[in-house]
Amino acid sequence: MATTRDAEIRKDVQTYYGQVLKKSADLQTNACVTAARPVPKHIREALQNVNEEVSLRYYGCGLVIPECLENCWILDLGSGSGRDCYALSQLVGEKGHVTGIDMTEGQVEVANKYIEYHMEKYGFQAPNVTFIHGYIEKLGEAGIKNESYDIVISNCVINLVPDKQQVLQEVYRVLKHGGELYFSDVYASLELPEEVRTHKVLRGDCRFVSATFRLFKLPKTGPTKRCQVIYNGGITGHEKELIFDANFTFKKDETVEVDEETAAILKNSRFAQDFLIRPIGEKLPTCGGYTALEAKDIIKDPFKLAEGSDSAKSRSPPEAASGC
């Protein structure tokens, strides 16, 4: 049962995103402005095809469009006016589907208003996007069934929910085995004092960064060994190179040694069809080079990720930079 304080937080968030904000220029903080790496052409085009009013009400802090999306079923937590949903609906195609859920009724109304507009623009015979008014920590109450989605995304929303653990548990429930939670959010470097945490507009003297994480729901099988993999270049927009995360970049036809966790992800997710995966030591047919796995720590700390991205900001175009 939600506490009185949780209910107050929900009300504040609903008021801010439903009544105070009318467009992205109304945002009262830029705590999670991000500089992104180059955005593939097909994603830029998908974003440009989104209705102007929908785009103006975009309040995210990153680009939550992962790779390999054809025919996928995607759930967007805190979908707002639907910008990300409408971009993704083009990329999954008519056989895929995108569901957006948001607790702010006004935002859901804006999103629903443009379903027909976008389906006609994309040339789809039937809508492949649905918007639901509900709470992301109560997906069951919104009618979202177990193991029904290939991918769950979220763009700067989980930080607004008091019970974040419940959100993650619900995501785990609705994801298919091998499915992915791909989310961008804002992080604080320390535990905020009560007067800051309860303030309607985020303030404080700690550091804030935004980072995108990808988490996978893997089958409970035996331990996976380190492997060597070759990317076949078959993912749209990433034909020559796939920047999987801060730790691994896969170039077409190049053999790369990966750790146990990454091997398990590639074997059991939608990416399996795009990689040749073999035990270490087995000779692989490749005309590319070979990259061995160095003895290094896998980066998971968002502040270390931010330190790594700072040096690349001057080289990165600002297409996906935004505030939340």
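A residue counts as buried when its relative accessible area is under 20%. The exercises below concern a predicted model.

**Exercise 1.** Determine what share of the chain is buried and how the chain is built.

*Solution.* Start with the cut-off of under 20% relative accessible area. By this criterion, buried residues make up 48% of the 324 residues in the chain. Next, take the secondary structure, which comprises 10 helices and 12 strands. Finally, consider the contacts with a separation of 6 or more: 78% of them join residues 24 or more positions apart.

**Exercise 2.** Describe the largest nonpolar core and identify the elements that give two or more residues to it.

*Solution.* The largest nonpolar core has 32 residues, and Ile 65, Leu 69, Ile 74, Tyr 86, Val 129 and Phe 131 have the most contacts inside it. Two or more residues come from each of helices H2 (41-48), H4 (83-92), H5 (105-113) and H6 (115-122), and from each of strands E3 (129-133) and E4 (149-155). H4 gives the most, with 6 residues. Apart from this core lies another, of 21 residues, including Ile 136, Ile 144, Tyr 149 and Val 152.

**Exercise 3.** Classify the packing of H4 against H6 by angle and by handedness.

*Solution.* The axes of H4 and H6 come within 11 Å and cross at roughly 30°. Because angles under 35 degrees count as roughly parallel, H4 is roughly parallel to H6. The crossing is right-handed. On H4, the contact is made by Tyr 86, Ser 89 and Gln 90; on H6, by Ile 115, His 118, Met 119 and Tyr 122.

Note on methods
Residues numbered from 1 in each chain as written. Predicted model: local features only at pLDDT ≥ 70, side-chain atom pairs only at ≥ 80, totals over all residues. Heavy atoms only, no water. Helix = DSSP H or I, 4+ residues; strand = E, 2+ residues; numbered from the N terminus. Buried < 20%, exposed > 50% of the residue type's maximum accessible area, 1.4 Å probe, protein only. Contact = heavy atoms within 4.5 Å. Core = buried A, V, L, I, M, F, W, Y, C linked by side-chain atoms within 4.5 Å. Axes fitted to C-alpha atoms, helices over the stretch in contact; angles between N-to-C directions. Parallel < 35°, antiparallel > 145°, perpendicular 65-115°, else oblique. Left-handed = near helix turned anticlockwise from the far one by under 90°.
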